[in-house]
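This report describes selected features of one structural model, with the criteria behind each term given where the term is used.

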Amino acid sequence: MKKILLLIAVLCTVQIANAQKVFSLHTVKIEGDLKAFEKLETELNAKAAQEAVNKGDILYWGLFKIQQFNQLEIPGEYNYVFVQWANNIDDLLGPKSAWWLNASKVLTPAEIEQTKTLGASFKWTKDMRNIFVVDDEAYDAGGQAEYFQFNFGRPVNTAGFIAENKALWKPFFVKNMSKMNMKVWGVGRRLTFPTKDTSYNTIMSWDGFKSLEDIMKFRIGGTPLPGYNEVIQKSKMGSYIPEGFTYMPIFKVLKGTTAKK
């Protein structure tokens, strides 16, 4: 009986793990006519992505543009990221996730021709795709995020980092989302590492806000929000991730699908 119960427990654990939401970040460098690229993705390809969401093939698709505050573009630097969410790893890596293959069934013949014309005016010169598992998330019901801050890091204690985010920081953010114009919060772990470079970040958290100004105010800080001092007193982040976040890019949401209808 003990062996049977142990087997059931293991199977339940596997099912729970497989049921965790996952997402991919497909970061790209686009050169040429960027307006044509954005038009192709946000006005045409987005229709096929929305159809995939409506059918339940994917949870979400979005095109985000990296916000660069320098006057001149940095050569070779990524400038866009495709974000795609799924209910589990099977869905994310399965054939249904390749929704763009069904574009001919969603777009009109004229729109198909338009995609070819627009696609000829730019080129992909660099890309990288990584997959993350979602450990926890929270949403504010009052509208969608228009800007995101991605926080990458490499904790020395990943389990402790994730546990504290779930137990301390999530309740704090949920309580104060409306005060900060925060619309989305989440934390997860990276599952893919494209090279042998051992310095790759292993975790990521994300903060979605209504505006760029809201993100900057969040970064500035200022008057502590309710419960902040209590969270800081309990926090062990200094030992879990002593280097802090090593990369915190900001993105503008150019297009995102809506929830399944």
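## Strand β5

From β5, the residues Tyr147, Gln149, Asn151 and Gly153 point one way, whereas Phe148, Phe150 and Phe152 point the other way, and all are buried; buried means under 20% relative accessible area, exposed over 50%, and partly exposed in between, with a 1.4 Å probe and protein chains only. In a regular strand the side chains alternate between the two faces of the sheet. Because seven of the seven residues of β5 are buried, the strand is largely enclosed by the rest of the structure. Strands (E, at least two residues) and helices (H or I, at least four residues) are DSSP runs, numbered from the N terminus.

This is a predicted model, in which local features need pLDDT of at least 70 and side-chain atom pairs count only at pLDDT 80 or more, while totals for chains, interfaces and linings use all residues. Residues are numbered from 1 along each chain as its sequence is written, and side-chain values use heavy atoms, with hydrogens and water left out.

## Barrel and strand pairing

Eight strands close into a barrel in the order β1-β3-β2-β8-β5-β7-β6-β4, with antiparallel pairing. From one strand to the next, the twist averages 35 degrees; axes are lines fitted to C-alpha atoms, for helices over the stretch in contact, and angles run from 0 to 180 degrees between N-to-C directions. Two strands pair if DSSP finds at least two bridges between them.

Strand β5 is joined to β7 by seven bridges, the two running antiparallel, and β5 also pairs with β8 in the antiparallel sense over three bridges. Glutamine 149 has aspartate 207 as its bridge partner in β7 and stands opposite isoleucine 250 in β8. Strand β8 (residues 250–256) in turn pairs with β2 (residues 60–66) over five bridges, again in the antiparallel sense, and here lysine 252 of β8 is the bridge partner of lysine 65.

## Helices across the strands

Helix α7 (residues 212–220) lies across β5, β6, β7 and β8 and runs at about 40 degrees to β5, whereas α6 lies across β4, β6 and β7 and runs at about 170 degrees to β6. The buried residues of α6, among them Phe161, Leu168, Trp169, Phe172 and Met180, pack against β4, β6, β7, α7, α8 and α9, where contact means heavy atoms within 4.5 Å.

A straight helix of 23 residues would span 33 Å at 1.5 Å a residue, but α6 spans only 27 Å between its end C-alpha atoms; the expected span is 1.5 Å times one less than the number of residues. At valine 174, α6 bends by about 40 degrees, the bend being the angle between axes fitted to the seven residues ending there and the seven starting there.

## Ends of α6

At the start of α6, a side-chain oxygen of asparagine 157 reaches to within 3.4 Å of the backbone nitrogen of alanine 159. Asparagine 181 lies in the loop between α6 (158–180) and β6 (182–190), and has a positive phi of about 65 degrees although it is not a glycine. With a relative accessible area of 30%, asparagine 181 is partly exposed.

## Serine 97

Serine 97 sits in the loop between α3 (89–93) and α4 (103–106) and is buried, with a relative accessible area of 7%. A polar atom of the serine 97 side chain lies 2.7 Å from the backbone oxygen of glycine 94. Leaving aside neighbours within four places in sequence, serine 97 is in contact with Ile58, Gln84, Asp91 and Leu92.

Notes:
Polar contact = N/O pair within 3.5 Å; in protein donor to acceptor, adjacent residues only side chain to side chain.
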